[in-house]
Amino acid sequence: MAGILGIEIPDIMKAKRVLAVQPHYDDNDISCGGTLAALAKNGAELYYLTMSDDLVGVIDETWSEDESTRRLRDDQTRAGAIIGVKHQYWLGYPDAGEYNYYDVRRDIVKHIRMVCPDIIVSMDPWMLYEAHTDHIQAAKATAEAAILYDFMRLKTDPDVDREYRGHKVRAVVFHATSFPNTIFDISATIQTKNEAIRSYKAQFPEDAFDGLVKRTMNYARYIAREKEFEYGEALKIIPPGLLHGVGEAIRF
């Protein structure tokens, strides 16, 4: 399908390897877990990269940082197994804290060179009314990394840079977007998404899950209200080239 610029919207179901970058450990699954599960079920290798250490959101204040981190990683491992994640990476930047944007961007570039994805997934840094700086910073750094990863004068880890042989990112997929160009059918994977969401016990009390799942299902039904399928996720799928110097890209 072609967008308003006459440029083809990349078919993400052809993805072979996907790097999904998120600010916090549950953002991928809550926002686009149905899409990611569908890609994994279709044979794509799925990798998660989490920017923050997630410690601010841990609900039990009696847990030490080490205990909190262990429980967070356990949650993510369970959820990842449900969605179909091949491998998880963590950057460990302070949740809702201070960090350098360019350090985050460098680390995302490093992981793009390590994983060599043909599809990169992120929250949309230009979503209207997004107030959480972690969301904005992680998403913006991912978008910029998607256009800079093959400029080898931009240094990351010496070993990674030396081993990198080049590859092409075909598409960037933004979720949590105010400007979707695709409503992706998750009717076959929404229960997988719901099961994964219920894994995040370090940051949600047990009695909150029914309400959270109900809200995500109602929203997915609303997103698909004009489609022939029941549940959808709103995505902005664009070639990386439209992230630089094309003012009309937002309409694509």
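I take contact to mean heavy atoms within 4.5 Å. I take helices (H or I, at least four residues) and strands (E, at least two) as DSSP runs, numbered from the N terminus.

**Entry 1: ground rules**

I am reading a predicted model, where local features need pLDDT of at least 70, side-chain atom pairs count only at pLDDT 80 or more, and totals for chains, interfaces and linings use all residues. Residues are numbered from 1 along each chain as its sequence is written, and side-chain values use heavy atoms, with hydrogens and water left out.

**Entry 2: the whole protein**

I looked up the elements and found 7 helices and 7 strands. I then read along the sequence and noted the pattern β-α-β-α-β-α-β-α-α-β-β-α-α-β.

Next I checked the dimensions. The C-alpha trace spans about 50 × 50 × 35 Å along its principal axes. The radius of gyration is taken over C-alpha atoms, and the globule rule is 2.2 Å times the number of residues to the power 0.38. For 252 residues, a compact globule would have a value near 18 Å; the protein has 18 Å, which agrees.

I looked up burial too. Buried means under 20% relative accessible area, exposed means over 50%, and partly exposed lies in between (1.4 Å probe, protein chains only). Buried residues make up 50% of the 252 residues. The protein exposes about 12,300 Å², an area from the Shrake-Rupley method with a 1.4 Å probe.

**Entry 3: helix 6**

Is helix 6 mostly covered or mostly uncovered? It is mostly covered, with 6 of its 8 residues buried. I listed the buried ones: I190, T192, K193, N194, A196 and I197. What do they pack against? I found helix 1 (27–41), helix 2, helix 7 (209–223) and strand 7 (232–238).

**Entry 4: helix 2 against helix 6**

Two packed helices are described by the angle between their axes and the distance between the axes. I looked up both values for this pair. The axes of helix 2 (residues 65–83) and helix 6 (residues 190–197) come within 8 Å and cross at roughly 170°. Axes here are lines fitted to C-alpha atoms, for helices over the stretch in contact, and angles run from 0 to 180 degrees between N-to-C directions. Angles over 145 degrees count as roughly antiparallel, under 35 as roughly parallel, 65 to 115 as roughly perpendicular and the rest as oblique. The two helices are therefore roughly antiparallel to each other.

Helix 2 makes the contact with A79, I82 and I83. Helix 6 brings T192, K193, E195 and A196. By class, I noted 4 nonpolar, 1 polar and 2 charged residues. For these classes, Ala, Val, Leu, Ile, Met, Phe, Trp, Tyr, Cys and Pro are nonpolar, Asp, Glu, Lys and Arg are charged, and the others, Gly among them, are polar.

**Entry 5: single residues**

I picked A40, which is found in helix 1. A40 counts as buried, at 18% relative accessibility. Leaving out residues up to four places away in sequence, A40 touches L46, I83 and G84. A40 and D210 are 170 residues apart in sequence, and their C-alpha atoms are 25 Å apart in space.

Then I went to F174, in strand 5 (residues 171–175). F174 is buried, with a relative accessible area of 2%. With residues up to four places away left out, its contacts include W126, A143, L235 and L243. The C-alpha atoms of F174 and A143 are separated by 9.0 Å, and the two residues are 31 apart along the chain.

L91 is in strand 3 (residues 87–93). Beyond its neighbours within four places in sequence, L91 is in contact with L49, T50, M51, D107, I108 and H111.

K227 sits in the loop between helix 7 and strand 7. K227 is partly exposed, at 44% relative accessible area.

**Entry 6: positive phi**

Most residues other than glycine have a negative phi. I noted D54, with a positive phi of about 70° although it is not a glycine. D54 lies in the loop between strand 2 (45–52) and helix 2. Is D54 buried or exposed? D54 counts as buried, at 2% relative accessibility.

I also noted Y129, where phi is positive and near 65°. Y129 lies in the loop between strand 4 (119–123) and helix 4 (133–148). Y129 counts as exposed, at 82% relative accessibility.
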